Amino acid sequence: MEKRILSKKQLMDAILKDVENELDDEELIHRLLDRDVLDNTDSADEQASFGQKAADKIARFAGSWTFILTFTVCLLLWMGVNILFLKAKAFDPYPFILLNLVLSCVAAVQAPLIMMSQNRQEEKDRIRAENDYRVNLKTEFIIRDMHKKMDLLIENQKKIINQSGGK
């Protein structure tokens, strides 16, 4: 894979997105330092529809121990009532065909809701990854500039020492 080296202008365009005119290095750095490069990751939550919010809540509950334990208790009660208490008059005798139907329906409804929630989480993760990229790019650009300035300071310091005779 070929590594692409971006110019200062390309870096700034990628970070600021709206560099209108040619600026010198110092103006670019100050504009970069004054600018926040992050997008709001909570905007996806604010724009969510009722159905999306409901899917998130259902997925959050369906992935909890409360759901697992409650569901297990309900299954055991269903089987216990049919086997032990109702015996001959059971509404769902031993092979529990009705219970299988109920479980299939729960799974059929629950799976798309969880997938909707995962898709929304994926969108939030994408925004966070873009934010990380922009912050890293901004940091890299600032560190490169600081490194150049440090090199200039060291070079000027050596010149001053040499001019004063190395005292």
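Leu-84 sits in helix H5. Helices here are DSSP runs of H or I with at least four residues, strands are E runs of at least two, and both are numbered from the N terminus. Leu-84 is exposed, at 56% relative accessible area. Exposed means over 50%, buried under 20%, and partly exposed in between, with a 1.4 Å probe and protein chains only.

This is a predicted model: local features need pLDDT of at least 70, side-chain atom pairs count only at pLDDT 80 or more, and totals for chains, interfaces and linings use all residues. Residues are numbered from 1 along each chain as its sequence is written, and side-chain values use heavy atoms, without hydrogens and water.

**Overall.** The chain has 6 helices and 0 strands. Of its 167 residues, 23% are buried. The chain exposes about 12900 Å², with 62% supplied by carbon and sulfur atoms. Areas come from the Shrake-Rupley method with a 1.4 Å probe; for residues, only the protein chains shown count as cover. Take the contacts (heavy atoms within 4.5 Å) with a separation of 6 or more: residues 24 or more positions apart account for 61% of them.

**The nonpolar patch.** Leu-84 is one of the residues in a nonpolar surface patch of about 930 Å². Its other members include Ile-83, Phe-85, Phe-91, Tyr-94 and Val-102. H5 and H6 are the elements that give two or more residues to the patch. Patch residues have over 30% relative accessible area and no salt bridge; like charges are joined within 9 Å, and nonpolar side chains (Val, Leu, Ile, Met, Phe, Trp, Tyr) within 5 Å.

**The H5–H6 loop.** Two residues here have positive phi. Lys-87 lies in the loop between H5 and H6, with phi near 25°. Lys-87 is exposed, at 61% relative accessible area. Phe-96 is in the loop between H5 and H6 too, with phi near 50°. Phe-96 is buried, at 8%. Neither residue is glycine.

**Helix H4.** H4 covers residues 50-62 and has 13 residues. From first C-alpha to last, H4 reaches 18 Å, close to the 18 Å expected at 1.5 Å a residue. The expected span is 1.5 Å times one less than the number of residues. Which residues of H4 are buried? They are Ala-55, Asp-56, Ala-59 and Ala-62. These cover an arc of only 135° around the axis, so they lie on the same side of H4. The arc is that of the directions from the helix axis to the C-beta atoms. On the other side, Phe-50, Lys-57 and Arg-60 are exposed. The buried residues of H4 pack against helix H5 (65-85) and helix H6 (97-163).

Arg-120 is in helix H6 and counts as buried at 11% relative accessibility. Arg-120 and Gln-52 are 68 residues apart in sequence, yet 8.1 Å apart C-alpha to C-alpha.

**Salt bridges.** The whole structure holds 8 salt bridges. Each is a side-chain nitrogen of Lys or Arg within 4 Å of a carboxyl oxygen of Asp or Glu.

| Pair | N to O distance | Sequence separation |
|---|---|---|
| Arg-128 and Asp-125 | 3.3 Å | 3 residues |
| Lys-149 and Asp-145 | 3.0 Å | 4 residues |
| Glu-155 and Lys-159 | 3.8 Å | 4 residues |

An α-helix has 3.6 residues a turn, so residues three or four places apart point the same way. Asp-145 is buried at 12%, while Lys-149 is partly exposed at 33%. A network of salt bridges links Glu-123, Arg-126, Glu-130 and Arg-134.
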